[in-house]
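Open the structure in your viewer and get ready to pick out side chains. This tour goes stop by stop.

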Amino acid sequence: MASYLAKRKAAVSSKLASRTRVSGWVLEKQPTSFAEEGEWTNIDSDVTPEERRTWSSLTIAGFWFSDALNAQGWEAPSSIISAGLTWKEAFYLTVCGSLVDTVPLVMNGLMGARLHIPFPVAIRSSFGFYFSRFAIVVRMATALFWHAIQTWTGSTAMFQIIRSIFPSFLRIPNHLPASAGITTQEMIAHFVFWSVQFPFMLTPPHKLKYFFYFKAVIVPIICTAVVIAMTKKAHGVGEIWNQGYSVPAGSTRSWMILNQFSSICGGWATMATNVPDFTRYMKRSRGVWWQALLLPSISLLIGTFGIISTSCAKVVYGEYIWSPLDLASRWDGPWGRCGAFFVGFCWVVAQIGTNLSANVISCSNDMVNLCPKYINIRRGAIITTVTAGWIMVPWKIISSAQSLLTFMSGLSIFLAPIAAILAADYWVVKSRKIDVPGLYRRHGRYRYNAAVTNWRAAVAFFVSLGPNLPGMAKAVNSSIKINAGIEHIWDMNYLWGFCSAFLLYVGLSIAWPAEETLLEYMIWDDSAQEGIEVGSSGDDREGEVGGQEKGAGEKVKAF
């Protein structure tokens with residue numbers, strides 16, 4: 001036993017000593033990589049191996065329950081009703097906005113499910129090897145911001161758990177200065193939540209399905225219990241259903257509805273780019289289509305819960321309380337604290353799941369792509385959650401000027417054209433025929449030009465982005481004056497960003513095609529260069545061969 005412990009101590013000491021040198025952090029290069037000689041990649045950026053393709057249609061259902069059931073979804077109708085519209089608009093805009101979002105979700109999700117590659121690799125087909133890094137950095141920055149906000153929401157949920165178990169927690173004096181932007185009690189809750197969340201962030205994506213199943217059961221049950229409890233306290237569902245419009249009829253109301261519709265669409269802009277990072281782990285691609293039903297249904301369910309409980313809160317407490325955690329903070333006494341505990345537990349689970357599905361894994365994939373020699377998904381998750389949870393000071397972000405939060409919400413204008421170009425390239429321009437090994441080579445098929453950039457994607461992106469920038473500036477600073485027409489483009493910012501980028505990219509690619517990237521058949525691996533047989537399993541390889549889906553053992557054309 002003593003000799004074993006001595007050996008373990010020596011091994012740990014040797015490993016720690018190696019970490020004092022940059023070379024000690026170098027990851028093992030995968031022998032199956034498609035990367036060029038001298039280029040580095042690792043298993044997390046390579047094509048997903050067969051043994052990691054563990055997701056099924058049920059996993060996708062659990063994934064969407066994990067992502068869509070969060071505190072922001074509960075509160076989403078508040079922005080619509082607070083803007084002067086009614087519960088009717090809150091309902092149909094939630095459903096319609098989510099339905100629109102399923103278009104890029106399904107299109108880009110199928111790309112990931114069929115090619116088994118993450119977003120940072122898939123985007124090279126349309127943006128080019130170098131320009132794709134711009135899209136990656138945009139997505140990474142967005143994920144970091146939202147991870148910080150979602151983590152702080154989870155901390156407020158943990159606050160309810162702690163105070164329900166230990167009522168004396170509320171009597172802890174504050175020892176932090178006002179400039180800190182946080183109290184001692186809140187800091188404790190934040191530290192506890194971050195510590196609980198951290199191990200989950202290190203779980204490999206292909207092993208997350210059981211957590212998604214757990215959240216898909218726990219969160220709806222507790223949310224339903226909250227609604228039942230509030231309707232019992234209020235002896236009904238309240239009076240919010242009788243609330244009328246505070247926005248005058250006509251064009252003003254119409255543009256307001258369109259603006260709120262675009263906001264709902266933009267709320268899922270991140271997932272339209274993130275989705276290949278998860279569907280790459282699917283055994284079969286058929287489950288991707290379930291997103292078209294799941295997202296609108298779950299969004300409507302959680303939004304309805306939010307409206308009913310808020311309406312009841314007006315009767316019980318004399319004011320509308322949109323946040324479920326603010327609602328739980330009103331509950332005291334033995335039974336009240338018991339309810340607050342379960343509400344806190346519900347949203348702790350919810351926010352961990354949302355951080356996993358919407359922020360951490362996507363940001364980690366981006367870091368893997370930018371620094372594959374030193375960062376894998378596990379290291380990327382550590383960097384992401386430490387940066388967002390502490391370095392970015394999330395409580396400062398939340399308590400800062402509303403202009404910063406408006407700016408962050410407006411980041412969808414950057415992500416919409418990226419998602420649109422990715423979908424247009426795979427489905428229309430390339431007709432689902434991709435050279436998979438070429439995606440890993442800077443001097444390969446998707447080099448495009450000397451700048452290693454597809455100028456068509458660059459033009460489509462910036463033309464789509466440009467008209468939205470003045471409206472975003474006005475949303476951040478209301479004193480800025482802009483033309484009414486430009487302001488109305490901002491009212492439909494997501495629709496404009498996605499549709500204009502999609503159509504313009506397709507048009508430019510038809511008018512000035514990049515012939516070297518247009519293939520007759522799919523190329524799955526390097527053996528295709530010699531026209532030899534390439535095996536496959538199930539529907540993993542769903543490229544078209546002569547108008548038919550390519551099956552196992554069929555030949556692919558050499559390039």
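This is a predicted model: local features need pLDDT of at least 70, side-chain atom pairs count only at pLDDT 80 or more; totals for chains, interfaces and linings use all residues.

T273 is part of helix α11, which covers residues 269-274. Now show T270. Its backbone oxygen sits 2.8 Å from a polar atom of the T273 side chain. Leaving out residues up to four places away, T273 touches F119, R139, L415, I418 and A419.

Follow R139 to the next stop. R139 forms a salt bridge with D277, with the closest N and O atoms 2.7 Å apart. D277 belongs to helix α12 (residues 276-279) and R139 to helix α7 (residues 132-165), so this pair links distant parts of the chain, 138 residues apart. Both D277 and R139 are buried. R139, D277 and D366 are linked in a network of salt bridges.

Move on to E319 and R330. Their side chains meet in a salt bridge, 2.4 Å from N to O. E319 is in the loop between α13 (291-317) and α14 (324-328), and R330 is in the loop between α14 and α15 (333-370). The pair therefore ties together parts 11 residues apart in sequence. E319 is partly exposed at 37%, and R330 is also partly exposed at 37%.

Finish at E50 and R53. Their salt bridge spans 3.4 Å, N to O. E50 is partly exposed at 47% relative accessibility, while R53 is buried at 12%. The structure holds 7 salt bridges.

Conventions: Residues are numbered from 1 along each chain as its sequence is written. Side-chain values use heavy atoms; hydrogens and water are left out. Helices (H or I, at least four residues) and strands (E, at least two) are DSSP runs, numbered from the N terminus. A polar contact is a pair of N or O atoms within 3.5 Å; within protein, one must be able to donate a hydrogen and the other to accept it, and residues adjacent in sequence count only if both atoms are side-chain atoms. Contact means heavy atoms within 4.5 Å. A salt bridge is a side-chain nitrogen of Lys or Arg within 4 Å of a carboxyl oxygen of Asp or Glu. Buried means under 20% relative accessible area, exposed over 50%, partly exposed in between (1.4 Å probe, protein chains only).
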